[in-house]
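Subject: Structure handover

Hi,

Here is the structure I promised to pass on. Please open it first, then read my notes below.

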Amino acid sequence: MDADAVLDVAGVGFGPANLALAIALDEMDSADKAVTARFFEAQERFGWHRGMLIEGATMQVSFLKDLVTMRNPTSRFSFLSFLHTYGRVVDFANTKTFFPLRTEFHEYLAWAAGQFENRVSYQSEVVGINSATGPGDVEAVDVSVRVGGRDGTLRTHRARNVVIAVGGRPRMPEGLPESERIWHSSRLLDGAQAIAAKEPSSFVVLGSGQSAAEAVDYLHREFPDAQVHSVHSRYGYSVADDSAFANAIFNPEAVDHHFAASENVRQSLHAYHANTNYSVVDEDLIRRLFRTSYLESVTGRRRLHFHKISRLVEAAPSGDRLRVVIEFLPDGSTTTIEADALVCATGYLRADPGPLLGDLLPRCRRDGQGRLLLDRNRRVVTHESVKCGIYVLGSGENSHGLSETLLSLTAVRAGELAEVLTKELV
Ligand SMILES: Cc1cc2nc3c(=O)[nH]c(=O)nc-3n(C[C@H](O)[C@H](O)[C@H](O)COP(=O)(O)OP(=O)(O)OC[C@H]3O[C@@H](n4cnc5c(N)ncnc54)[C@H](O)[C@@H]3O)c2cc1C
């Protein structure tokens with residue numbers, strides 16, 4: 001055991017969700033009420049989807065939905081406060097947008113994270129969470145942390161509560177492992193940088209969502225001599241619904257509505273409003289890509305190719321390149337593309353925190369679909385012998401609604417949890 005003291009809270013992951021929690025706890029602390037928290041993050045330093053920090057890409061959420069403002073508009077950790085620190089408030093206002101550049105929002109998150117260095121351990125992957133008090137009542141958990149990468153050393157930290165916020169895992173098409181030439185979109189920038197010196201002349205991008213469209217646009221701009229093939233199972237890109245009434249699905253009260261609803265109503269809500277987030281693209285980007293494609297049809301210099309109603313059949317090494325076979329679903333005909341790289345913008349799987357929960361897992365309840373059952377406070381419902389709290393942020397889309405995996409309610413979620421933890425502990 002490394003830590004002498006038992007932590008009140010051990011946080012697993014230090015992305016926006018747990019960063020917002022660290023801030024909320026900090027802001028709720030007072031002289032006689034202080035929660036001891038430490039966060040463990042697998043990455044070497046703070047990073048938010050670094051592989052997709054494409055120059056010019058913008059946020060899909062208002063800067064007012066930053067780490068704090070929806071909970072505490074006077075917080076010193078707001079996006080505005082960050083702009084103020086760097087003397088950019090006036091210029092940002094003149095851009096007349098609510099949607100900052102993604103690179104700038106990353107800078108903001110890193111700036112906020114930098115103020116919690118003393119409460120975060122980087123290069124620290126949590127590999128297990130087990131009862132610290134044996135098979136009887138669980139008064140505390142032991143969090144096993146591998147420090148320093150794959151061959152690092154194991155350390156244990158004891159805590160009364162654990163908050164798991166590990167985000168999503170890249171989802172690859174079945175049977176298609178990543179390689180030097182096959183990348184999930186989360187590695188887009190690294191992959192493109194690594195291949196640039198080989199003067200690539202052809203790319204294939206799978207997918208119809210925002211990341212797919214961004215990857216197509218980026219590769220087309222970045223490699224002006226390369227062909228870019230965009231493969232869709234749909235007819236093409238669909239617009240993300242960010243209209244005012246639909247956007248209310250991301251309001252704080254929508255979580256209560258979703259949580260209270262029956263399984264049928266939850267599923268309907270998800271189906272009605274999935275197009276606020278899933279397999280949809282910002283309208284501006286769709287317009288830009290269509291215009292580029294049209295321009296190429298006029299000039300006859302075609303580099304952008306859309307393969308609609310198609311699916312990937314095969315991606316096999318072919319000399320130093322890839323042989324990518326695509327099927328046109330209506331008639332089964334196939335097209336073969338010799339490509340330098342295949343980008344799979346095939347989304348993310350919400351990580352199931354279950355495997356981390358070691359000997360606690362049999363004492364955790366699951367819903368009919370096998371997912372960990374969460375109460376409204378996002379505490380895993382457990383056998384009564386588990387006295388310590390196991391909380392999950394970002395995995396309860398089914399129980400808490402569409403906003404759960406996104407940034408819109410990050411500040412509010414963190415505030416709710418910080419309040420629960422502060423009340424329980426002090
Ligand atoms: C390219 C991209 C752009 C996006 N843009 C938006 C947007 O504009 N608006 C929006 O609302 N949402 C957006 N999203 C959705 C995204 O889920 C959220 O932005 C946000 O990342 C969720 O924060 P999180 O902390 O839950 O998860 P993450 O940001 O994924 O953070 C989880 C952290 O946990 C760490 N971790 C994982 N396992 C362990 C472990 N075992 N031990 C220690 N650390 C671990 C990871 O390294 C990671 O740093 C975007 C997603 C992507 C991929």
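Is Phe 39 buried or exposed? Phe 39 is buried, at 1% relative accessibility. Buried means under 20% relative accessible area, exposed means over 50%, and partly exposed is in between, with a 1.4 Å probe and protein chains only.

Some ground rules before the rest. This is a predicted model, so local features need pLDDT of at least 70, side-chain atom pairs count only at pLDDT 80 or more, and totals for chains, interfaces and linings use all residues. Residues are numbered from 1 along each chain as its sequence is written, and side-chain values use heavy atoms, with hydrogens and water left out.

**Aromatic rings**

The count comes to 17 aromatic pairs. Rings of Phe, Tyr and Trp (its six-membered ring) pair if their centres lie within 6.5 Å; planes under 30 degrees apart are stacked, over 60 edge-to-face, and the rest tilted. Take Phe 14 and Phe 39. Their ring centres are 5.3 Å apart and their planes stand at 45 degrees, so this pair is tilted. The two residues come from distant parts of the chain, 25 residues apart. Phe 14 sits in the loop between β1 (7–12) and α1, while Phe 39 is in strand β2 (residues 37–40). Helices (H or I, at least four residues) and strands (E, at least two) are DSSP runs, numbered from the N terminus. Phe 14 is buried too, at 1% relative accessibility.

Now look at Phe 79 and Phe 82. Their ring centres are 5.7 Å apart with planes at 40 degrees, so this pair is also tilted. Both residues lie in helix α2 (residues 79–85), 3 residues apart, about one turn of the helix.

**The ligand**

How many residues surround the ligand? There are 26. The closest are Glu 41, Trp 48, Gln 60, Val 126 and Leu 407.

A polar side-chain atom of Glu 41 lies 2.6 Å from a ligand oxygen. For His 49, a side-chain N or O atom is 3.0 Å from an oxygen atom of the ligand. Leu 407 uses a backbone N or O atom, 2.7 Å from a ligand oxygen.

On its own, the ligand has 990 Å² of accessible area, and the protein covers 86% of that. Accessible areas come from the Shrake-Rupley method with a 1.4 Å probe; for residues, only the protein chains shown count as cover. Elements giving two or more residues to the shell are α1 (16–28), β4 (124–131) and β16 (348–350). The largest share, 3 residues, comes from β4. By type, the shell has 15 nonpolar, 8 polar and 3 charged residues. Ala, Val, Leu, Ile, Met, Phe, Trp, Tyr, Cys and Pro count as nonpolar, Asp, Glu, Lys and Arg as charged, and the others, Gly among them, as polar.

**Salt bridges**

The whole structure holds 24 salt bridges. Each is a side-chain nitrogen of Lys or Arg within 4 Å of a carboxyl oxygen of Asp or Glu.

Asp 217 bridges to Arg 221, with the closest N and O atoms 3.3 Å apart. Both lie in helix α6 (residues 210–222), 4 residues apart. Asp 217 is buried at 7%, whereas Arg 221 is partly exposed at 44%.

Arg 378 and Glu 416 meet at 2.9 Å, N to O. They are 38 residues apart: Arg 378 is in the loop between β16 and β17 (389–392), and Glu 416 is in helix α12 (residues 410–425). Arg 378 is buried at 2%; Glu 416 is partly exposed at 27%. Shared partners join Asp 256, Arg 376, Arg 378, Glu 404 and Glu 416 into one network.

**Backbone**

Arg 378 also has a positive phi of about 70 degrees, although it is not a glycine. Glu 199 has a positive phi as well, about 45 degrees. Glu 199 is in the loop between α5 (188–196) and β9 (202–206), and is exposed at 67% relative accessibility.

Best wishes

Key:
A residue is near a molecule or strand if one of its heavy atoms lies within 4 Å of it. A polar contact is a pair of N or O atoms within 3.5 Å; within protein, one must be able to donate a hydrogen and the other to accept it, and residues adjacent in sequence count only if both atoms are side-chain atoms.
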